[in-house]
Amino acid sequence: MKLYVEDTNVHYRVRQSWLNDFMLCPERSRLAITLPQWRSGSDATAIGTGIHAAIEWAMENHEDIPDVDLEELKDVATKHVLDELEKPIKLTKISDDEEVMMASVDAMIEGWHRDIAPMVEWGGHSEYQFEIDTGLVSANNVPILLTGTMDYISPSGEIWDWKTSTRTYTPADKQARAIQPTFYCYAAEKLGLSDGTMSFFYGVMVRKPQIKTQVVEIVREQAHYDWMLRQLESATRMATTMGIDHSWPMNDQGHLCSSTWCDYWSICKGASLP
């Protein structure tokens, strides 16, 4: 969540990742505003970014998956991943064995080429950026805009998001709770890219040397958008009422409150209970 002043246009822009942080732990979302530089990413992030770049190259330069040479695609993925790993990032156990790590990159991109890409309607837009006005205002009467980037939206309005993960997803959990599909489907409907009930697909590639993929379809409709807007309004109103100079409520009731999953652990619960 950031405040923007452009000429006489003053507004807040909210990304789905910030709202997701808020629902996990309000204090984490506050620190994301005040200390964004603490989120430098990790080797897992670097791999994901490199895989995304290779998929974007494939879809922007080819008409359909049969036109994409697998070995060339692997080379593109490897180059992008290695470039990302050169950046100042946090290294985890993923980097302990470079051979296994790069074999996982090959397996993920081959899995996307073999299992996921043939299910996608090609000819749409990769890295589709959007910004929409929700009609909501904050406690200080500033308009709330949603902003983000869809990995891919097809000509018929189906949204795809590419995920590299340590494991497959639980579809029922994503259908019931995931914010990202609601956020993006709402944006697509507001922009006239689709209407009515919409499908959002996770294309999951498991980060292992053996190919393991998953496609998870999430369905969203008006009731989901209404609930997301209620969550968004409560989050932004609390943020603008309390301000960002002092702590917000801290949720430590789960495994995500740890040094592994939260970049701010060391100055939050970790500072009191290491």
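Analyst: We begin with a polar contact, a pair of N or O atoms within 3.5 Å; within protein, one must be able to donate a hydrogen and the other to accept it, and residues adjacent in sequence count only if both atoms are side-chain atoms. Here the side chains of Glu84 and Lys87 are joined by a polar contact of 3.1 Å. The model is predicted: local features need pLDDT of at least 70, side-chain atom pairs count only at pLDDT 80 or more, and totals for chains, interfaces and linings use all residues. Residues are numbered from 1 along each chain as its sequence is written, and side-chain values use heavy atoms, leaving out hydrogens and water.

User: In which helix is Glu84 found, and with which residues is Glu84 in contact, leaving aside neighbours within four places in sequence?

Analyst: Helices are DSSP runs (H or I, at least four residues), numbered from the N terminus. Glu84 belongs to helix α4 (residues 70-85). Contact means heavy atoms within 4.5 Å; beyond four places in sequence, Glu84 contacts Ala46, Thr49, Gly50 and Ile89.

User: At what angle do the axes of α1 and α2 cross?

Analyst: Axes are lines fitted to C-alpha atoms, for helices over the stretch in contact, with angles from 0 to 180 degrees between N-to-C directions. The axes of α1 and helix α2 (residues 26-34) cross at roughly 140° and come within 5 Å. α1 is therefore oblique to α2, where oblique is what remains after under 35 degrees (roughly parallel), over 145 (roughly antiparallel) and 65 to 115 (roughly perpendicular).

User: Which residues of α1 and α2 meet?

Analyst: Trp18, Asp21, Phe22 and Leu24 of α1 meet Pro26, Arg28, Ser29, Ala32 and Ile33 of α2.

Definitions and conventions. Helices (H or I, at least four residues) and strands (E, at least two) are DSSP runs, numbered from the N terminus.
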